[in-house]
Amino acid sequence: MRCQESVNPPDLLRLDFQRDVRILAALEDRNIARVLGACCREEPYCVVMEYLEHGDLCQFLKTHITAEDAQAMPIGVKTLSFNCLIYMAAQIASGMRYLENLNFVHRDLATRNCLVGKAYHIKISDFGTDNELYACDYYKVDGTVPLPIRWMAWESIFLGKYTTKSDVWAFAVTLWEILNLGRRVPYEHLSNEEVVQSLRRLHRAADCTDASGENGCKENADNLFDNLPQPTACSKDIYDLMLDCWRREESERPTFREISMFLQRKNLGYAPTS
């Protein structure tokens, strides 16, 4: 259940809340969490979202190790194979492909906002800053509202521009989380302010021109930012996909349709055993 505190005149807040709930309730996809109900007669306004038995994906991953590492572990330790990890990521891509077709932007895609059900069934949800467990994942840039900066594309932070292509950037960070079994924080060696400054270099690249007026830095723009490192449990083609998702130019990033098809081909024929 999510509660939204009043920050606007009551009538305006209620109308905005009702509109948002109607939009969310209209979403129907096997990889999107459903809206089960809402209360908007009086404050605090609440929406009841579907919840799956294994909870959020981040915590679920942390209770497992990779099957490749299980040889040196005691019998009974929970494991996840590389194929299973990709199977879960492919479901997220499929759900985001559905949202992409509707021109619906999530804005906060991460493992903390994905749910796990039976047989590794994944559904995308959005708990945002309501979950105190993940309060540290959000940072107030210039004293504004808390933002999940470690998952955000540069244009969302500095231009306030949210598109399906900024969601694509966040998906690659989410995929990176999955392949690290939720045990590593993106850019863990950097403070929040250092992450912002690092992303700022991509923003400033827009002003970099040569004497002829052409964008002389375009070829090197993607080298201005230190991308997340390749996870140990990650093949080269999967990491190349991540790098494509982190390209500075939105037009050069893949669509969720392309991502979904790639991951489905990668995992063709795989089915979870439980």
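Predicted model: local features only at pLDDT ≥ 70, side-chain atom pairs only at ≥ 80, totals over all residues.
Visitor: Let's start inside. Which residues of the largest nonpolar core touch the most other members?

Guide: The general idea is that in soluble globular proteins, nonpolar side chains tend to be buried together. Here the largest nonpolar core has 62 residues, and Leu57, Met88, Ile92, Met242 and Leu263 touch the most other members. Helix H3 (residues 82-101) gives the largest share of this core, 12 residues. Another core lies apart from it, with 10 residues, including Val21, Tyr45, Met49 and Leu52.

Visitor: And what is Leu263 in contact with, leaving aside its neighbours within four places in sequence?

Guide: Its partners there are Ile86, Ala89, Ala90, Ala93, Phe171, Ile238 and Leu241.

Visitor: Now the strands. In what sense do E2 and E3 pair?

Guide: Strand E2 (residues 35-39) and E3 are antiparallel, with 4 bridges between them. A hairpin of 5 residues joins the two, and Val35 stands opposite Met49 in E3. As for E3 (residues 45-49), 4 of its 5 residues are buried, so this strand is largely enclosed by the rest of the structure.

Visitor: How should I read aromatic pairs, and how many are there?

Guide: A pair of aromatic rings is described by the distance of the centres and the angle of the planes. This structure holds 6 such pairs. Take Phe60 and Tyr120: their ring centres are 6.2 Å apart and their planes meet at 65°, so they are edge-to-face. Phe60 is in helix H2 (residues 57-62) and Tyr120 in the loop between strands E6 (114-116) and E7 (122-124), so the pair ties together parts 60 residues apart in sequence. Both Phe60 and Tyr120 are buried.

Visitor: What about Tyr87 and Tyr270: how far apart are the centres of their rings?

Guide: Those centres are 5.6 Å apart, and with planes at 65° the pair is edge-to-face. Tyr87 is in helix H3 and Tyr270 in the segment after helix H8 (256-266), so to speak distant parts of the chain, 183 residues apart. Tyr87 is partly exposed at 23% relative accessible area, and Tyr270 is partly exposed at 24%.

Visitor: Last one: is Ser198 buried or exposed?

Guide: The cut-off for buried is under 20% relative accessible area. Ser198, in helix H6, has 6% relative accessibility and so counts as buried. Not counting residues up to four places away in sequence, Ser198 touches Phe225 and Asp226. Phe225 also belongs to a cluster of ring pairs with Trp169 and Tyr187.

How values were computed:
Residues numbered from 1 in each chain as written. Heavy atoms only, no water. Core = buried A, V, L, I, M, F, W, Y, C linked by side-chain atoms within 4.5 Å. Buried < 20%, exposed > 50% of the residue type's maximum accessible area, 1.4 Å probe, protein only. Contact = heavy atoms within 4.5 Å. Pairing = 2+ DSSP bridges. Phe/Tyr/Trp six-rings, centres within 6.5 Å; stacked < 30°, edge-to-face > 60°.
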